[in-house]
Amino acid sequence: MDVPGFALITGAASGIGRACAHGFVKEGSSGVALLDVSLEALENVRSELQALQSKSGKENDAPNGTSHSSECQIEIYQVDVTSETQVVNAVNDAASKFGRLDYVVNAAGIAMKHAGGVAFAETNDWQRIIDVNLTGTFFVLRAAAKIMLNQEPIRSSINGRPLQRGSIVNFSSIQGVVGIAQSAAYTATKHGIMGLTRSASEDYAKDGLRINAILPGYTETPLTTKNPQILEAMKQRVSTAVPMERMGQPSEIADGVLYLAGGRSSFVTGSALAVDGGYTSR
Ligand SMILES: NC(=O)c1ccc[n+]([C@@H]2O[C@H](COP(=O)([O-])OP(=O)(O)OC[C@H]3O[C@@H](n4cnc5c(N)ncnc54)[C@H](O)[C@@H]3O)[C@@H](O)[C@H]2O)c1
């Protein structure tokens, strides 16, 4: 996927963010900074990645005992993306440890249903979802963009394509383009991510900083499976509204993220990539 540089991933302790962390390591990135509120879960993901590296290191061992694999540097940060200070500190620290920041994946997010619909939505729930999904993405994007704009572009290994200064992938959703019942706050944030992405991409397209959105469809992660209300609503929708008639796996979404992050999408900015089993084509 041409992602040799350094990646920073929010929401990296679970689901799609975790799958992205695996993806960057497997595809040979030089380093990954993993951000999440849950420290314990982050430590687990770091252990998984270390095990992955030592396994692939052994597989790549040359007969004379030398190893061809280069280690991916793994840094973890317990960060609540709603805290501007925590975000800025973590992003700056990762950039300083790595020497640069090439790919940012804004996967941290929460979802919630409003029983009875928007008329009965709690103000606290509305505010919390906006804070995490939309403002958190803005905080990370802003902190990372300041660094990316000041760094030298890296050269794409793919047939001499124009250089890339940095690439940011924001998490929207199928709910960034359609509405779903009892999900007003979540849907509003995911539409908001589309506007943030399009506008921010215009700001820096000519500078080689690319900013895109990914729109996952129903995907099997703790976000969708741990809440019985969300899981039940989703199962019903999947059987009728998803042309592929199945949920996606986190690794299938991560592949879309890696494409948008890396050199193969060198002419792609301000776009929205749906990875949704056909949901939004109907
Ligand atoms: N799973 C789906 O069906 C689906 C569909 C469309 C979009 N998405 C989006 O994909 C992204 C990842 O979702 P997922 O399904 O992997 O969910 P998940 O619950 O498995 O993972 C989300 C991660 O974000 C972290 N997080 C939550 N609040 C945070 C905060 N304030 N600060 C830092 N980290 C925080 C959680 O601890 C968790 O590790 C989200 O933005 C979600 O809206 C998911």
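## Exercises on a predicted model

Asp93 has a relative accessibility of 27% and counts as partly exposed. The exercises below start from this residue; the model is predicted.

**Exercise 1.** Determine which residue forms a salt bridge with Asp93, and state how the two are placed in helix H3.

*Solution.* Step 1: the partner is Lys97, and the closest N and O atoms of the pair are 2.6 Å apart. Step 2: a salt bridge requires the nitrogen to lie within 4 Å of the carboxyl oxygen, so the pair qualifies. Step 3: Lys97 and Asp93 are four residues apart in helix H3, and therefore about one helical turn separates them. Step 4: Lys97 has a relative accessible area of 44%, which makes this residue partly exposed.

**Exercise 2.** Identify the parts of the chain that are linked by the salt bridge between Arg142 and Glu84.

*Solution.* Step 1: the side chains of Arg142 and Glu84 meet with an N to O distance of 2.7 Å. Step 2: Arg142 belongs to helix H4 (residues 123–148) and Glu84 to helix H3 (residues 84–98); the two residues are 58 residues apart, and the pair links distant parts of the chain. Step 4: across the whole structure, a search finds six salt bridges.

**Exercise 3.** Decide whether Asn170 and Gly179 are each buried or exposed, and describe the surroundings of each residue.

*Solution.* Step 1: Asn170 lies in strand S5. Step 2: its relative accessibility is 0%, so Asn170 counts as buried. Step 3: apart from neighbours within four places in sequence, Asn170 contacts Asn106, Thr137, Leu141, Ile193, Thr197, Ile211, Asn212, Ala213 and Ile214. Step 4: Gly179 is found in the loop between S5 and helix H5 (184–204). Step 5: with a relative accessible area of 59%, Gly179 is exposed. Step 6: the C-alpha atom of Gly179 is 24 Å from that of Gly11, a residue 168 residues away along the chain.

**Exercise 4.** Characterise the largest cavity by its volume and by the residues of its lining.

*Solution.* Step 1: the count of cavities of 30 Å³ or more comes to one. Step 2: the largest cavity holds about 50 Å³ of space. Step 3: its lining is made up of Asp2, Pro4, Tyr103, Ile154, Arg155, Ser156, Gln164, Gly262 and Gly263. Step 4: this lining divides into three nonpolar, four polar and two charged residues; Gly is counted as polar in that division.

Technical notes: Residues numbered from 1 in each chain as written. Predicted model: local features only at pLDDT ≥ 70, side-chain atom pairs only at ≥ 80, totals over all residues. Heavy atoms only, no water. Buried < 20%, exposed > 50% of the residue type's maximum accessible area, 1.4 Å probe, protein only. 1 Å grid on protein atoms, 1.4 Å probe; cavity = no way out; pocket = protein on both sides within 12 Å on 5 of 7 lines; lining within 4 Å. Points joined across faces, edges and corners; volume = space filled by probe spheres on them. Contact = heavy atoms within 4.5 Å.
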